[in-house]
Amino acid sequence: MKNVAVIGAGTMGNGIAHVFAQFGYNVSLIDISQASLDKGIATITKNLDRQVAKESITEADKTATLNNLKTFTSMEEGVKGVDLVVEAATENVDLKLKIFADLDQLTAPNVILATNTSSISITKIASVTSRPDKVIGMHFMNPVPVMKLVEIIRGYSTSDDVTNLIMETSRNLKKVPVEVNDYPGFVANRILMPMINEAIITLHEGVAGVEEIDTVMKLGMAHPMGPLQLADFIGLDVCLAIMEVLFEGFGNPKYAPCPLLVNMVTAGKKGVKSGEGFYSWTHGTKDLIVAPNFAKK
């Protein structure tokens, strides 16, 4: 495989496009918005500049990476001649099903269709295609150029050949692929998101404040980032969407999203992406603890 299309130019999409292009793949970055594409390429360029400054790549490597990237606002044009599509759109099941149904019509039958979903069933996504054996999860971690892990999720019908090829492709990107099966949240978010949700419940019940909760987990559990700061970084809307998938998938009250999380997302407080979550953010950098009383009355 040498030709890859990435659907979505946001945080995950531009990161995935970056690593494929850096390792010699021809990448079509696709988004409905030209402004999003321009922003995505600007982010990739900025991240490449950081790599040059750290001497992990050369200026020639940077130029070659950018030359491997093309942008498209038309999915039909962007997926022509590709061997692999990696979807990295918003974590919304209806949107993903629509994208995969369209991809099934727009790509050759041998093209592998991968999704970067962090929680949605691969089997469900594959069910809207005529090639469920060629649909697979390829869950990168954020920030993609830095994080080594890729969760490789097999749907019910994903073939051994496709799984092995995607595992090998991940290794070609200098990533560490881990094969997991298709259950809600997979491994990473089945473990991580309930922890984040419990931290929000702890805040909501007035057990401790934002900084106190994060400090306990950083200094007591050796986490590099506290769960509330991490939630801001991931996006509170994404955290909520994943908790809803877990709750629906398992039907267990322990996966019910905290009402505080629901209210914050409803109020538009989504973390770094909106400028405010559990922390106030300036240009993506943690600034001040947000003042309101998070504890329930």
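**Salt bridges and cores**

Analyst: K96 forms a salt bridge with E87, with 2.4 Å between the closest N and O atoms. Keep in mind that this is a predicted model.

User: Is K96 buried or exposed?
Analyst: K96 counts as buried because its relative accessible area is 1%, under the 20% cut-off. E87 is buried too, at 0%.

User: Which other residue forms a salt bridge with K96?
Analyst: E91 does, with the closest N and O atoms 3.7 Å apart. E91 is also buried.

User: How many salt bridges does the structure hold?
Analyst: There are 12. Another of them links R171 and E168, at 3.5 Å from N to O.

User: Where do R171 and E168 lie?
Analyst: Both are in helix α7, residues 160-172, and they sit three residues apart, about one turn of the helix. R171 is partly exposed at 41% relative accessible area, and E168 is partly exposed at 38%.

User: Switching topic: which residues have the most contacts inside the largest nonpolar core?
Analyst: F20, M138 and F140, in a core of 33 residues. Helix α1, residues 11-22, gives the most to this core, with six residues.

User: What is F20 in contact with, leaving aside neighbours within four places in sequence?
Analyst: Its contacts include V4, Y25, V27, L84, M138 and F140. There is also a second, separate core of 24 residues, with I200 and Y255 among them.

User: Which residues form a nonpolar patch on the surface?
Analyst: L149, V176 and V178 do, with about 200 Å² of accessible area together. L149 lies in strand β7, residues 149-154.

Technical notes
Residues are numbered from 1 along each chain as its sequence is written. This is a predicted model: local features need pLDDT of at least 70, side-chain atom pairs count only at pLDDT 80 or more; totals for chains, interfaces and linings use all residues. Side-chain values use heavy atoms; hydrogens and water are left out. A nonpolar core is a set of buried Ala, Val, Leu, Ile, Met, Phe, Trp, Tyr and Cys residues joined through side-chain atoms within 4.5 Å. Buried means under 20% relative accessible area, exposed over 50%, partly exposed in between (1.4 Å probe, protein chains only). Helices (H or I, at least four residues) and strands (E, at least two) are DSSP runs, numbered from the N terminus. Contact means heavy atoms within 4.5 Å. Patches are made of residues with over 30% relative accessible area and no salt bridge: like charges are joined within 9 Å, nonpolar side chains (Val, Leu, Ile, Met, Phe, Trp, Tyr) within 5 Å. Accessible areas come from the Shrake-Rupley method with a 1.4 Å probe; for residues, only the protein chains shown count as cover. A salt bridge is a side-chain nitrogen of Lys or Arg within 4 Å of a carboxyl oxygen of Asp or Glu.
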